[in-house]
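Biologist: Hi! I have a new model open and would like to walk through it with you. Could you bring it up?

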Amino acid sequence: MKKMYHLAMAAVILFAMSACGNDNEKQSKNTEEQVADEQVVDQPVEVEAVEEKPQLPVGPCTIDFDMFSVDLPEGWKVLKKEGHDLKIYPGTGDEFDESIFIQEQPYRSLTEAIQTFKGLVQTKDLGTQTFGTNKFVGFESPGGLTVLMKANDKDEYIQAEVRSAAYKNEAYKQILGSIKLK
């Protein structure tokens with residue numbers, strides 16, 4: 001029984017010593033970290049660059065796409081320019097209701113698009129619409145005006161949706177007239 005007592009005591013002593021050793025290690029690590037922190041404080045602090053969203057153009061300017069370019073009048077703002085899509089508005093008022101959405105439609109057929117629009121119930125076929133020197137096929141709906149223009153010999157086309165409030169503003173005519181095919 002005495003042997004068991006001595007073994008237990010030895011285990012307790014070893015445990016206590018190892019615990020004290022770990023405290024010493026922790027203290028020395030804390031001291032090393034403090035020294036490292038103090039050294040970092042002495043060095044100039046690097047400021048992380050804040051990623052800014054790219055500034056979208058404001059007219060007057062020309063916006064280029066693969067199949068066309070379009071001129072924006074003074075004050076008109078680009079809300080979105082991605083892939084084949086461009087959304088613009090006059091810079092004041094409602095961004096949705098006063099916007100014009102222009103898309104190039106590669107790999108899509110103008111002939112099929114015209115048939116689709118002619119089949120829509122609340123859409124009125126306006127026939128040929130001319131803006132500047134550009135000729136479009138136009139359709140009027142409760143949401144505004146949609147015009148389609150043949151872009152190339154592959155029957156691909158440019159589509160512009162002029163929302164209802166923008167349709168009441170004469171500036172859309174200037175914008176549609178400024179589209180230049182490539």
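Modeller: One term to begin with: helices and strands here are DSSP runs, numbered from the N terminus. With that, D155 sits in the loop between strand 8 (144–150) and strand 9 (157–163). Keep in mind that this is a predicted model.

Biologist: Thanks. How confident is the predictor, in terms of average pLDDT for the chain?

Modeller: The average pLDDT is 82, and 70% of the residues score at least 70. Residues 22–26 stay under 50, and the model gives them zero contacts beyond four places in sequence.

Biologist: Back to D155, then. Is it buried or exposed?

Modeller: D155 counts as buried because its relative accessibility is 17%, and the cut-off for buried is under 20%.

Biologist: What does the D155 side chain make a polar contact with?

Modeller: With the side chain of T111, at 3.0 Å. Setting aside neighbours within four places in sequence, D155 is in contact with R108, S109, L110, T111 and K150.

Biologist: Is Y107 buried or exposed?

Modeller: Y107 counts as exposed because its relative accessibility is 78%.

Biologist: Where is the cis peptide bond at P60?

Modeller: It runs from G59 to P60, with omega near 10°. P60 itself is in the loop between helix 1 (2–42) and strand 1 (61–64).

Biologist: Changing topic: how many residues are in the largest nonpolar core?

Modeller: It has 27 residues, and those with the most contacts inside it are V70, L86, I88, I100, I102 and L176. Strand 2 (68–72), strand 4 (85–89), strand 5, strand 8, strand 9 and helix 4 (171–177) each supply at least two of its residues. Helix 4 gives the largest share, four residues.

Biologist: What does L86 touch?

Modeller: Not counting residues up to four places away in sequence, L86 touches I63, F65, V70, V78, K80, K81, I100, F101 and I102. Apart from that core lies another of seven residues, including L110, A113, F139 and Y157.

Methods: Residues numbered from 1 in each chain as written. Predicted model: local features only at pLDDT ≥ 70, side-chain atom pairs only at ≥ 80, totals over all residues. Heavy atoms only, no water. Polar contact = N/O pair within 3.5 Å; in protein donor to acceptor, adjacent residues only side chain to side chain. Contact = heavy atoms within 4.5 Å. pLDDT = per-residue confidence, 0-100. Buried < 20%, exposed > 50% of the residue type's maximum accessible area, 1.4 Å probe, protein only. Core = buried A, V, L, I, M, F, W, Y, C linked by side-chain atoms within 4.5 Å.
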